[in-house]
Amino acid sequence: MQRRDLLRQMGLVAGGLSIPNFVKAKEQTNTPKRVLRVAHITDVHIEEAIPLVNSSKGFAKCLHHIQDVVKPDLIINSGDCVMDAHKHRKGNVKKQWNLFNDVLKAENSLPVFHSVGNHDICCEGDSQSSFEDGKKWAMDEMGMDKRYYSFDNKDWHFVMLDSVQKKKDGSWYTANVDEEQFDWLKKDLKILPANKPTMVISHIPILAACVFFDGNNMKEKDGRWEVPGSWMHTDSKQLAELFHDHKNVKLAVSGHIHLSDRVDYNGVSYCCNGAVSGRWWFGKYQHTEAGYAVIDLYDDGSFTNNYVSY
């Protein structure tokens with residue numbers, strides 16, 4: 001009892017252990033400081049041709065929620081702004097782009113950084129030149145000078161990738177970074193200070209679990225999973241190895257699948273962040289509501305990624 005009384009007098013026993021003031025002060029000093037809040041939107045899929053789908057009002061509602069409730073510093077849009085540009089006539093695609101940009105201009109006051117999604121690419125036929133022209137058109141609509149690029153904001157570095165490539169056999173698309181882009185990415189990461197935390201953005205997931213549930217991918221006949229190269233990067237291993245060489249790569253986000261998941265692999269968190277349009281403006285897709293991600297970035301390289309339904 002004498003020992004317990006002594007400890008109580010020292011402040012170490014009072015319904016449990018209490019921490020001396022000098023330790024508390026040290027912990028407060030080391031508490032990570034949030035330097036940026038990012039809203040990650042993806043897969044808006046503006047529809048102009050279907051009267052039952054009022055996608056413009058839905059997109060506006062999402063932007064209002066972002067600015068009024070979440071109040072981020074910037075918005076990152078990882079593509080699929082319009083719907084099926086490769087299936088529609090150019091006149092209809094132009095109407096969709098006009099609608100997307102009209103809503104964005106009228107209802108948003110935050111800086112937006114874009115990347116191209118597969119639905120954004122209008123092309124006629126299977127030629128590489130038509131595919132490239134369609135991608136360039138999408139870039140022009142989004143005000144992009146380059147199809148892949150990087151930038152710094154506060155303590156963080158951001159890498160915007162072009163993950164949608166034409167298949168070598170001339171058919172639609174596959175997911176990877178081409179050789180030119182991969183060489184650029186290696187150089188971009190190499191010149192960064194080792195303590196510069198980095199976030200990577202792609203339209204199509206580099207690595208995801210939800211791709212196994214987006215469709216009927218288990219082949220019962222032979223008991224094998226099949227994940228198409230258009231659903232997840234075919235160069236996932238190559239990119240993961242590159243990120244392993246650069247420990248400052250902390251987070252990689254994407255869209256495309258319309259589902260929300262997180263895979264932590266080898267020191268990098270891969271977050272697939274649903275879709276603004278949900279099930280293409282017909283409610284939720286499987287278990288994922290229409291929404292966007294709120295990403296808080298901290299000065300020590302830590303982060304939180306939370307999916308929000310608006």
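Colleague: What should I keep in mind about numbering and confidence before we start?

Modeller: Residues are numbered from 1 along each chain as its sequence is written, and since this is a predicted model, local features need pLDDT of at least 70 and side-chain atom pairs count only at pLDDT 80 or more, while totals for chains, interfaces and linings use all residues. Side-chain values use heavy atoms, with hydrogens and water left out.

Colleague: How many helices and strands does the protein chain have, and what makes a stretch count as one?

Modeller: The protein chain has seven helices and 15 strands, where helices (H or I, at least four residues) and strands (E, at least two) are DSSP runs numbered from the N terminus.

Colleague: What makes β4 and β12 the edge strands of their sheet?

Modeller: The open sheet of six strands has the order β4-β5-β8-β11-β13-β12, with mixed pairing. Two strands pair if DSSP finds at least two bridges between them, and β4 (149-153) and β12 (260-265) each pair on one side only. Neighbouring strands of this sheet are turned by 20° against each other on average, direction ignored; axes here are lines fitted to C-alpha atoms, for helices over the stretch in contact, and angles run from 0 to 180 degrees between N-to-C directions.

Colleague: How do you know that β13 is paired with both β11 and β12?

Modeller: β11 and β13 pair in the parallel sense over four bridges, with S269 of β13 as the bridge partner of L251. β12 and β13 pair in the antiparallel sense over six bridges, and there V268 of β13 is the bridge partner of Y265. The hairpin of β12 and β13 has two residues between the strands, and in it N266 takes a positive phi near 55°.

Colleague: Why is β13 called largely enclosed?

Modeller: A residue is buried under 20% relative accessible area, exposed over 50% and partly exposed in between (1.4 Å probe, protein chains only). Six of the six residues of β13 are buried, so β13 is largely enclosed by the rest of the structure. Both faces are covered, with V268, Y270 and C272 buried on one side and S269, C271 and N273 buried on the other.

Colleague: How do you know that the buried residues of α7 lie on the same side of the helix?

Modeller: In α7 (residues 236-245), S236, L239, A240, L242 and F243 are buried. These residues cover an arc of only 160° around the axis, which puts them on the same side of α7; the arc is that of the directions from the helix axis to the C-beta atoms. The face turned away from the buried side carries the exposed residues K237 and D245.

Colleague: What do the buried residues of α7 pack against?

Modeller: They pack against α6, β8, β11, β12 and β13, contact meaning heavy atoms within 4.5 Å.

Colleague: Why are α3 and α4 called roughly parallel?

Modeller: Helix α3 (residues 55-70) and helix α4 (residues 90-107) pack at an angle of about 30°, with their axes 10 Å apart. Angles under 35 degrees count as roughly parallel, over 145 as roughly antiparallel, 65 to 115 as roughly perpendicular and the rest as oblique, and α3 and α4 are therefore roughly parallel to each other. Among the residues making the contact are F59 and L63 of α3 and F100 and V103 of α4.

Colleague: What makes β3 and β15 edge strands in the sheet of five?

Modeller: That open sheet has the order β3-β2-β1-β14-β15, with mixed pairing. β3 (112-114) and β15 (303-309) each have a single partner strand, so one side of each is left without a neighbour in the sheet. Strand β14 (residues 291-298) and β15 pair in the antiparallel sense over seven bridges, and the bridge partner of D296 is T304 in β15.

Colleague: What makes the phi values of D80 and W281 worth noting?

Modeller: Most residues other than glycine have a negative phi. Phi of D80, however, is near 60°, and phi of W281 is near 75°. D80 lies in the loop between β2 (74-77) and α4, and W281 in the loop between β13 and β14.

Colleague: How do you know whether D80 and W281 are buried or exposed?

Modeller: D80 has a relative accessible area of 1% and is buried, and W281, at 17% relative accessibility, also counts as buried.
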